[in-house]
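Here is a short report for a reader new to this structure. Look at the sequence and the model first, then read on.

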Amino acid sequence: TKEITRLSTTFGVASSELLNISRILAQTGMSARDTRVALEALAKSSLAPTFKDLENTAEGAIAAMAVFGVSVDKLEQKLGSINAVAGKFAVESEDIIFALRRTGAAFKAAGGNMEELIGLFTSVRATTRESAETIATGLRTIFTRIRRPRTVQFLKQLGIELQNAKGQFVGPLEAINRLNQALGSLATTDPKLVRLLKSLVVIVRFLRLFHFLKSLPKRNPLLL
């Protein structure tokens with residue numbers, strides 16, 4: 001089409017690649033107008049050095065819109081924000097996109113928003129240098145399990161209250177803060193700490209993530 005030719009010429013993206021992306025967008029049920037707006041935002045993102053795979057970026061954009069309610073008219077701005085974070089911190093845009101796709105639904109269900117997830121993921125990625133897949137999968141596991149009634153009651157027995165007065169989950173970042181405080185008060189040899197970690201994650205290498213979380217607010221201004 002003329003629009004794909006225009007975008008290809010303007011932003012230096014292969015027409016075949018843009019055509020493929022437009023099909024992916026159309027399959028989500030987008031209107032012709034929204035598909036056009038999203039396609040241009042994605043084509044522009046290809047100019048940023050931190051975005052390397054347009055199809056992956058498109059899948060991340062779809063996740064952001066579907067999970068966090070990002071409107072198509074705000075998509076370019078959100079992609080620009082991701083690029084800015086990647087340019088400032090030790091994290092790749094592709095990693096952030098992966099996190100949105102892998103962890104977004106669980107994080108949103110726990111009461112978090114897109115910016116909070118990006119900040120949390122970036123902090124962990126920049127400091128631990130675990131792979132994006134390991135971190136995203138681990139965070140998804142944490143925020144899925146941490147809201148389960150059994151887990152909430154177990155943590156309550158350890159003195160960690162993750163519900164407010166109305167019995168509602170306090171949210172992902174506040175939950176992390178409360179876990180931080182609990183970790184800070186327990187010695188590494190304390191059986192309670194071992195029980196706490198096992199209640200949240202089963203991957204041994206994620207012990208490093210929890211130790212890192214003790215000082216999380218000091219490490220990354222994205223989370224302040």
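## Helix 3 and helix 5

Ala38, Ala41, Leu42, Lys44 and Ser45 of helix 3 touch Leu75, Glu76 and Leu79 of helix 5. Contact means heavy atoms within 4.5 Å. By class, the residues of this contact are five nonpolar, one polar and two charged. Ala, Val, Leu, Ile, Met, Phe, Trp, Tyr, Cys and Pro count as nonpolar, Asp, Glu, Lys and Arg as charged, and the others, Gly among them, as polar.

Angles under 35 degrees count as roughly parallel, over 145 as roughly antiparallel, 65 to 115 as roughly perpendicular and the rest as oblique. Axes are lines fitted to C-alpha atoms, for helices over the stretch in contact, and angles run from 0 to 180 degrees between N-to-C directions. The crossing of helix 3 and helix 5 is right-handed. A crossing is left-handed if the near helix is turned anticlockwise from the far one by less than a right angle, and right-handed if clockwise.

## The model and its fold

This is a predicted model: local features need pLDDT of at least 70, side-chain atom pairs count only at pLDDT 80 or more, and totals for chains, interfaces and linings use all residues. Residues are numbered from 1 along each chain as its sequence is written, and side-chain values use heavy atoms, with hydrogens and water left out.

The protein has 13 helices and zero strands. Helices (H or I, at least four residues) and strands (E, at least two) are DSSP runs, numbered from the N terminus. Of its 224 residues, 47% count as buried. Buried means under 20% relative accessible area, exposed over 50%, partly exposed in between (1.4 Å probe, protein chains only).

## Helix 1 and helix 2

Helix 1 (residues 2-11) packs with helix 2 (residues 15-26) at about 125°, and their axes lie 9 Å apart. That makes helix 1 oblique to helix 2. Their crossing is right-handed. Helix 1 brings Ile4, Leu7 and Ser8 to the contact, and helix 2 brings Ser15, Leu18, Leu19 and Ser22. Four of these residues are nonpolar, three polar and none charged.

## Helix 8

Helix 8 covers residues 132-145, 14 residues in total. Its buried residues are Ala132, Thr134, Ile135, Ala136, Thr137, Gly138, Leu139, Ile142 and Phe143.

How values were computed: Expected span 1.5 Å × (residues − 1).
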